[in-house]
Amino acid sequence: MIRFTVNGKPEEIDADPATPLLYVLRDHLALNGAKFGCGLGQCGACTVMVDGEAVFSCITPMSMLEGRNIKTVEGLGTAQNPGPMQRAFLEEQAAQCGYCIAGMMMRAQALLERNPQASDADIRRYLSTNLCRCGTHMRILRAIRRAAEGMKSAGVAPATKKERSG
Amino acid sequence: VEGWHAPALNGASPSPMPWTVDRLVSYLRKGVDDVHGAAAGPMKPVVHNLSGVPEQDVRAMATYVISLDPRPAAERERQADDVASRGASTPSGNGPGQAMYASACAVCHGANRREHGALRLSQSTAVHLPTPQNLIRIIREGIVPAEGEAGPWMPEFGSALTDQQLTDLVTYMRARFSTQPAWRDVAGEVRRTNRAALQVSRR
């Protein structure tokens, strides 16, 4: 039995220790935001946060996750009440097909939580592990800059608390 | 060198598989050799530069480097055969290091490794060095070709692993895949490779 928290909620999962986190999120917990892209950690569609760091959930086995705190795109807000990152992506209409977007948001969230002042160069470098085949990169970059402003005015901490209680 | 261990090239070379001129030429021009490993850290720009140098010049360098190893060719060949025939080592222990290796690393580096062309770890230079520096950095940062260039690749596991997990994994890999004595202060070395700085320099 592996115990960890997902979006602030304690979970107990009975899975083979080699099961990738992505499969547990999608198949056991019905959190379908993170996507299966390549299965090799090469595309970033599966990106979630583990203890505040962006990780490829498709290559992260459950054996590493005892007691860790996972955050997925579902933890950033809801359709009715999107968080600053989600709102920014909506306002910039950054998604085309949308397959990469949950991963993009989670990696950007990890960056901005650590460095709210991230420069354009920081954003480009940090997001370079995440691919978008539709080519909406310029909108994605605008959305992340907008999210940085939104998070500064909202404060990152309150968003985290809201998600824990909800 | 810049937080990486640069292995000896002479008879003290830690590589389990002795180098040959052909392998060294190919490594210096392509950045990877399938029985030694991939160029990482400050060796990457060296390969980048040598990839544009005429092959005969790189061959001359390799011939010189190989000549630094005083062991007779027959002895080197015997060592290569020994290492190659060691085959798949049996899984040992059931600690956290074993569990992480089996679930995260063995997919590519284990028995079915050919599918992804990953290195057999009993032949890995990084696992056989006098310090765990390079192995820690490769697991943490992955192996990433320079922007816009093709090259050997491995994903990074540093964001997912805690320091303790990385320590356990590195200690396990040394015990299982190397014939060398255990590294002494793996936990200290893990602490010393500064996480925040690596985030910035990763790419």
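What follows is a chat about a predicted model with chains A and B.

Visitor: OK. How many helices and strands does chain A have?
Guide: Chain A has 6 helices and 5 strands.

Visitor: In what pattern do they come along the sequence?
Guide: Chain A reads β-β-α-β-β-β-α-α-α-α-α.

Visitor: What about chain B, how many helices and strands there?
Guide: Chain B has 10 helices and 2 strands. Its pattern along the sequence is α-β-β-α-α-α-α-α-α-α-α-α.

Visitor: Back to chain A. What radius of gyration does it have?
Guide: Chain A has 15 Å. A compact globule with 166 residues would have a radius of gyration near 15 Å, so the value for chain A agrees.

Visitor: And what box do its C-alpha atoms fill?
Guide: Taken along the principal axes, the box is roughly 40 × 35 × 25 Å.

Visitor: What share of chain A is buried?
Guide: Of its 166 residues, 52% count as buried.

Visitor: And in chain B?
Guide: There, 45% of the 203 residues are buried.

Visitor: Now the interface. How many residues are in contact?
Guide: 21 residues of chain A are in contact with 18 residues of chain B.

Visitor: How much area do the two chains bury between them?
Guide: They bury about 1600 Å², and 59% of it is on carbon and sulfur atoms.

Visitor: Which residues of chain A lose the most area to chain B?
Guide: Those are Glu53(A), Met64(A) and Arg125(A). Together they make up 31% of what that side buries.

Visitor: Why give an interface as an area?
Guide: The size of an interface is often given as the accessible area lost when the parts come together.

Visitor: Let's pick one residue. Where is Met62(A)?
Guide: Met62(A) is in the loop between strand 4 (53-56) and strand 5 (69-71) of chain A.

Visitor: Buried or exposed?
Guide: Met62(A) counts as buried, because its relative accessibility is 1%. The cut-off for buried is under 20%.

Visitor: What does Met62(A) touch, leaving out residues up to four places away in sequence?
Guide: Met62(A) touches Ile2(A), Phe4(A), Asp16(A), Pro17(A), Thr19(A), Leu21(A) and Val24(A). Take Pro17(A): it is 45 residues from Met62(A) in sequence, but their C-alpha atoms are 5.0 Å apart in space.

Visitor: Leu21(A) and Val24(A) are on that list. Which residues of helix 1 are buried?
Guide: In helix 1 (residues 21-28) of chain A, Leu21(A), Leu22(A), Val24(A) and Leu25(A) are buried.

Visitor: What do the buried residues of helix 1 pack against?
Guide: They pack against strand 1 (2-6), strand 2 (9-13), strand 3 (47-50) and strand 5 of chain A.

Visitor: What comes just after that helix?
Guide: Ala30(A) does, with a positive phi of about 55 degrees.

Visitor: Which other residues have a positive phi?
Guide: Asn7(A) is one of them, at about 50 degrees, although it is not a glycine. Asn7(A) is in the loop between strand 1 and strand 2 of chain A. Asn7(A) is buried, since its relative accessible area is 12%. Gln93(A) also has a positive phi of about 50 degrees and is not a glycine. Gln93(A) is in the loop between helix 2 (84-91) and helix 3 (101-114) of chain A.

Visitor: One from chain B, then. Where is Tyr27(B)?
Guide: Tyr27(B) is in helix 1 (residues 21-30) of chain B. Tyr27(B) is buried, with a relative accessible area of 12%.

Visitor: What does Tyr27(B) touch, again leaving out residues up to four places away?
Guide: Tyr27(B) touches Trp19(B), Val32(B), Asp33(B), Gly37(B), Ala38(B), Ala39(B), Met43(B) and Val47(B).

Visitor: And how far is Tyr27(B) from Arg86(B)?
Guide: They are 59 residues apart in sequence and 23 Å apart in space, C-alpha to C-alpha.

Key: Residues numbered from 1 in each chain as written. Chains lettered and ligands numbered in written order. Predicted model: local features only at pLDDT ≥ 70, side-chain atom pairs only at ≥ 80, totals over all residues. Heavy atoms only, no water. Helix = DSSP H or I, 4+ residues; strand = E, 2+ residues; numbered from the N terminus. Rg over C-alpha atoms; globule rule 2.2 N^0.38 Å. Buried < 20%, exposed > 50% of the residue type's maximum accessible area, 1.4 Å probe, protein only. Contact = heavy atoms within 4.5 Å. Buried area = accessible area lost by both parts, 1.4 Å probe.
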